[in-house]
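Subject: Structure handover

Hello,

Please find the structure below, with its sequence. My notes on it follow.

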Amino acid sequence: MEKMDDGFSGGRKYTNGEITVYWKPGACVHASYCYRELIEVFDPGRRPWVDMSGSTTERIIEVVNMCPTEALSWKWNDDEKNKNISIDQTNHIVFRRPELMEQSGTVEEVSRVSVKVMPDGPVVLKGDFTFNFNGTSRKIREGIISICRCGASDHMPFCDGVHRKIGYEDE
């Protein structure tokens, strides 16, 4: 584990030699995919909570790609492998954290908005957008919001995690 010094404030990075996984705790909405799917690597009860030796590189990539926010992202340590990343690798840093790519020249800035519907949970919106609700407009810049789907949140329309307490399930 290394403390980040490359514009990844408050984050950490972990490597197994083949890939580096970046963790940005401030972006985590505790969707829990990481530890539900791969507790051998992502164990919040352990310090450090990420053990890159717990599984194969392919499985770690698969689970990191499930993260609905930029809390977890990854890259190949071999820069050549980072040049041709397919769009299905949703949490590769080229899509999530392009400023961490060591690129020369100008990078064209693209404003992306991602929408993920969490099973039995909220809709997570990430990017630059304007969110309009109840006559109110809220500008989101490089941000993340979770929208309640269960209808029980005390902070409507935003998710406050109560879906877990009431046992909300998708139909």
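**Charges over rings**

The charged end of lysine 81 sits 4.4 Å from the ring centre of tryptophan 76, over the ring. A charge counts as over a ring if NZ of Lys or CZ of Arg is within 6 Å of the ring centre and within 35 degrees of the ring normal. Arginine 36 is placed over the face of tyrosine 33, with 5.0 Å to the ring centre.

**Basis**

This is a predicted model, in which local features need pLDDT of at least 70 and side-chain atom pairs count only at pLDDT 80 or more, while totals for chains, interfaces and linings use all residues. Residues are numbered from 1 along each chain as its sequence is written, and side-chain values use heavy atoms, with hydrogens and water left out.

**Nonpolar cores**

A nonpolar core here is a set of buried Ala, Val, Leu, Ile, Met, Phe, Trp, Tyr and Cys residues joined through side-chain atoms within 4.5 Å. Buried means under 20% relative accessible area, exposed over 50%, and partly exposed in between (1.4 Å probe, protein chains only). The largest core has 21 residues, of which Ile19, Val21, Phe42, Ile60 and Leu72 touch the most other members. Strand 3 (19-23), helix 2 (57-64) and strand 4 (72-76) are the elements that give two or more residues to this core. Helix 2 gives the most, with 4 residues. Helices (H or I, at least four residues) and strands (E, at least two) are DSSP runs, numbered from the N terminus.

Leaving aside residues up to four places away in sequence, phenylalanine 42 touches Cys34, Tyr35, Trp49, Val50, Ile60, Val63, Val64 and Leu72; contact means heavy atoms within 4.5 Å. Apart from this core lies another, of 9 residues, including Phe133, Ile140, Ile147 and Phe158.

**Aromatic pairs**

The structure holds 6 aromatic pairs. Rings of Phe, Tyr and Trp (its six-membered ring) pair if their centres lie within 6.5 Å; planes under 30 degrees apart count as stacked, over 60 as edge-to-face and the rest as tilted. Phenylalanine 42 and tryptophan 49 form a tilted pair, at 5.7 Å centre to centre and 50° between the planes. Both phenylalanine 42 and tryptophan 49 are buried. The pair of phenylalanine 131 and phenylalanine 133 is tilted because the ring centres are 5.2 Å apart and the planes are at 35°. Phenylalanine 131 and phenylalanine 133 are buried too. One aromatic cluster is formed by Trp23, Phe42 and Trp49.

An open sheet of 3 strands runs in the order 5-6-7 with antiparallel pairing; two strands pair if DSSP finds at least two bridges between them. Strand 5 (113-117) and strand 7 (136-147) are the edge strands, each pairing on one side only. Strand 6 (residues 123-133) pairs with strand 7 over 10 bridges, in the antiparallel sense. Lysine 126 stands opposite isoleucine 144 in strand 7.

**Two single residues**

Serine 73 is in strand 4 and is buried, at 0% relative accessible area. Not counting residues up to four places away in sequence, serine 73 touches Thr20, Val21, Tyr22, Val64, Asn91, Ile93, Arg96 and Arg97.

Threonine 15 lies in strand 2 (residues 12-15) and counts as partly exposed, at 43% relative accessibility. Threonine 15 and aspartate 51 are 36 residues apart in sequence, with 8.8 Å between their C-alpha atoms.

Regards
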